[in-house]
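Trainee: I have this one open for the first time. Can we walk through a few spots in it?

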Amino acid sequence: MKIIIRADSSFNIGSGHIMRCLTLATELNKRGHNVEFICRDLPGNLIQYIDHAGFNVYTLPNNNTQNKTKTVYESLSHNWEEDAILTSEILKDLNAQIVILDHYAFDEKWENEIYQYVHQILVIDDLENRKHQCDFLLDQNFYFTKKNRYVDLVNQKTTKLFGPSFALLRDEFLLNRKKIEEKSIKNILVYFGASDVTQETKKVLKALNNLSSSYELIIDVLVGISNREYEELVKEFSAYKHITFYTQTNDFSSFMKKADLCIGAGGSTTWERCCIGLPSIVIPVAENQIIPMEELNKANAIILMEATHDFKRYEEKIKSVLDMPVRELQKIRKAGFDIFDGLGVNRVVDILEGRGIGNGYSKTL
């Protein structure tokens, strides 16, 4: 099949949409499907990263779409018709079977314009705040109650793929899933996504630095490829022998496997940590991360903390986790490990190939 993915990234949007779409694209490509991307040339985009991953990218112009008084999503949403026209111009000569849309700026208006050039549309969304006209709707987040999600926002024929059983995790996390070990915390991994706009990395490192002598911590810091504070972080903290900096890598699982605790943002990296059995302190850095992380916290799969400008509060929270009994940490490891099994991308591709529903999968696993 010919499959087109429409997704964006920027300093403000972050990398999450692109990274999970790359996971899906990689599995589709393995099965012989031809996958290409359509992305807008926004500041801090990952277009070159997608190209290096082996996928062709059709680039839409920036056109100064962001108004100073609006967010990137608000600006793109306001200009949805222009985006639909430009996307349609690309699609009309491609004979694509499926378009995958992973974008908070667009809704049924954009999708209806695209349908004349494609057979099916898969929408990846988790906001539950606008209508969609699509064949498949994928919401990978964990919710205790998910049956009523998107009621009246999609039509009755839409196949709803809800929950962690459809989480788009790379093969490396499935391959590194092993029996979780009961152990205390010594090695800590810090990662706040590609851009870390709110500079959580710096605040967390200040807190960890104050604790490191008492707890003899070893700290690995992954700095995202769009993080504009990288040089400042290295200048301030690289002199400390217990802190090592690394640039963003595809081999996240090796860092997670080494770590005893991770401190990071919400989103898809949270699912990765759970899948591999790594307990984490999660600090949501975007509004759409808050409710899903609250749900995982209720399930005892993560340790939730609210973002703050006061690094001393981070220090207090981290200390409480470092002092936590090993058995309590083990419960957190097991809860996340049981929720995310790492097979989600295979299930989604099976369904896109027409082999999923009715062959052992339900719509809301």
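Trainee: Where is R20 found?

Mentor: This is a predicted model. In it, R20 is found in helix α1, which covers residues 16-30.

Trainee: And is R20 buried or exposed?

Mentor: R20 has a relative accessible area of 7%. Buried means under 20%, so R20 counts as buried.

Trainee: What does the side chain of R20 make a polar contact with?

Mentor: One partner is the side chain of D102, at 2.6 Å. Another is the side chain of H17, at 3.4 Å.

Trainee: Tell me about H17, then. Which helix is H17 found in?

Mentor: H17 is in helix α1. Its relative accessible area is 5%, so H17 is buried. The side chain of H17 also makes a polar contact with the side chain of D102, at 2.6 Å.

Trainee: What else do they touch?

Mentor: Leaving out residues up to four places away in sequence, H17 touches A7, D8, Y73, D102 and Y104. With that exclusion applied to R20 as well, the residues touched are D102, Y104, I124, D126, Q140, L168 and W271.

Trainee: New topic. Which residues touch the most other members in the largest nonpolar core?

Mentor: They are L24, F37 and I100, in a core of 33 residues. The elements that give two or more residues to this core are β1 (2-7), α1, β2 (34-40), α2 (47-52), β4 (98-102), β5 (120-124), β6 (136-139) and α14 (344-352).

Trainee: Which of those gives the most?

Mentor: That is α1, with seven residues.

Trainee: Which residues line the largest cavity?

Mentor: The lining is D196, Q199, T201, K202, N227, E229 and L233.

Trainee: How does that lining split by class?

Mentor: One residue is nonpolar, three are polar and three are charged.

Conventions. Residues are numbered from 1 along each chain as its sequence is written. This is a predicted model: local features need pLDDT of at least 70, side-chain atom pairs count only at pLDDT 80 or more; totals for chains, interfaces and linings use all residues. Side-chain values use heavy atoms; hydrogens and water are left out. Helices (H or I, at least four residues) and strands (E, at least two) are DSSP runs, numbered from the N terminus. Buried means under 20% relative accessible area, exposed over 50%, partly exposed in between (1.4 Å probe, protein chains only). A polar contact is a pair of N or O atoms within 3.5 Å; within protein, one must be able to donate a hydrogen and the other to accept it, and residues adjacent in sequence count only if both atoms are side-chain atoms. Contact means heavy atoms within 4.5 Å. On a 1 Å grid over the protein atoms alone, a cavity is a set of points where a 1.4 Å probe fits but cannot get out, and a pocket is an open set with protein on both sides within 12 Å along at least five of seven lines; lining residues have an atom within 4 Å of a point. Ala, Val, Leu, Ile, Met, Phe, Trp, Tyr, Cys and Pro count as nonpolar, Asp, Glu, Lys and Arg as charged, and the others, Gly among them, as polar. A nonpolar core is a set of buried Ala, Val, Leu, Ile, Met, Phe, Trp, Tyr and Cys residues joined through side-chain atoms within 4.5 Å.
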